[in-house]
Amino acid sequence: MKKYLILVSENSKHITRTCEILHRSEVDVTCVNNMGDAKAGLKIHSPAFVLLDFNIKGSKFLLYEIASGQWLPRPYVMVASDYANGNDRAEMLRLGADICIERPINVEEVLAVIHAVRRRYRRLPVIEYEDLTINTARRAVTMRGKQVALTNKEYEVLCVLANHVGIVLSKEEIFRTVWKCSYDPNSTNVAEQVSSLRFKLGLDRRDNTYIQTVIGIGYRFGKST
């Protein structure tokens, strides 16, 4: 997984220093201070990472665009903001962030996140099952040879399932892994993501090759082991 990063922030002094440190750490980085330049960078560079200061105008809409699959391959998104509590972080993750970091941006934390993500994707660069391919380095999904645009949560749920072929995972297990917060038994988040995944992958609810519903428990990817 390449280490190209686009940093979006209005704090010119801080952003310059952060970019210098990232360059010295062998991270190719483009620093911008507005949404127009950020989108141009996404189009030109297809970065592996985006570091987004959520105080900048238009940041919420850009996060939505990335999370909904409008920029492919979809980058890993770090969102920097002034979080008051865990609820603020949870809301940011629901909007499509991959990780939340505090403002002002701590460059050592950014580097640690980049290295952690790269370690993770080196272990499982490509997941292949039947006609489905998940390229974790590019966060790209293809089904029957055609690229499928997934939101952040759809992609994460798919990866959790595809990494446990033949194993039944409860909704709570999936939720805790993807949303990284306490599970509400009344939540429909997992079911909604699975339903959307099936639609985008062209699967029927009765499909028994890919994502199977295990009534009263959760879901199983692939045939039972």
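**Salt bridges and a nonpolar core**

Asp204 and Arg206 form a salt bridge, with 3.7 Å between the closest N and O atoms; the term denotes a side-chain nitrogen of Lys or Arg within 4 Å of a carboxyl oxygen of Asp or Glu. Asp204 is partly exposed at 38% relative accessibility, while Arg206, at 72%, is exposed. These classes use a 1.4 Å probe and protein chains only: buried is under 20% relative accessible area, exposed is over 50%, and partly exposed lies in between. Elsewhere, Asp53, Asp82 and Arg103 belong to one network, joined by salt bridges that share partners.

The model is predicted, so local features need pLDDT of at least 70 and side-chain atom pairs count only at pLDDT 80 or more, whereas totals for chains, interfaces and linings use all residues. Residues are numbered from 1 along each chain as its sequence is written, and side-chain values use heavy atoms, leaving out hydrogens and water.

Over the whole structure, a search finds 11 salt bridges. One of them pairs Asp53 with Arg103, whose closest N and O atoms are 3.0 Å apart. Asp53 lies in strand E3 (residues 49-53) and Arg103 in the loop between strand E5 (99-102) and helix H5 (107-123), so this pair ties together parts that are 50 residues apart in sequence. Helices (H or I, at least four residues) and strands (E, at least two) are DSSP runs, numbered from the N terminus. Asp53 is buried, at 6% relative accessible area; Arg103 is partly exposed, at 27%.

Another salt bridge joins the side chains of Glu154 and Lys200, at 2.9 Å from N to O. Because Glu154 sits in helix H6 (residues 152-162) and Lys200 in helix H8 (residues 189-201), the pair ties together parts that are 46 residues apart in sequence. Glu154 is buried at 4% relative accessibility, and Lys200 is partly exposed at 30%.

Which residues have the most contacts inside the largest nonpolar core? They are Leu132, Ile134, Val141, Leu158, Leu201, Ile211 and Phe221, in a core of 30 residues. Such a core is a set of buried Ala, Val, Leu, Ile, Met, Phe, Trp, Tyr and Cys residues joined through side-chain atoms within 4.5 Å. Elements that each supply at least two residues include strand E7 (132-135), strand E8 (140-143), H6 and H8. H6 gives the most, with 7 residues.

Beyond its neighbours within four places in sequence, Val141 is in contact (heavy atoms within 4.5 Å) with residues including Leu132, Ile134, Tyr155, Leu158 and Leu201.
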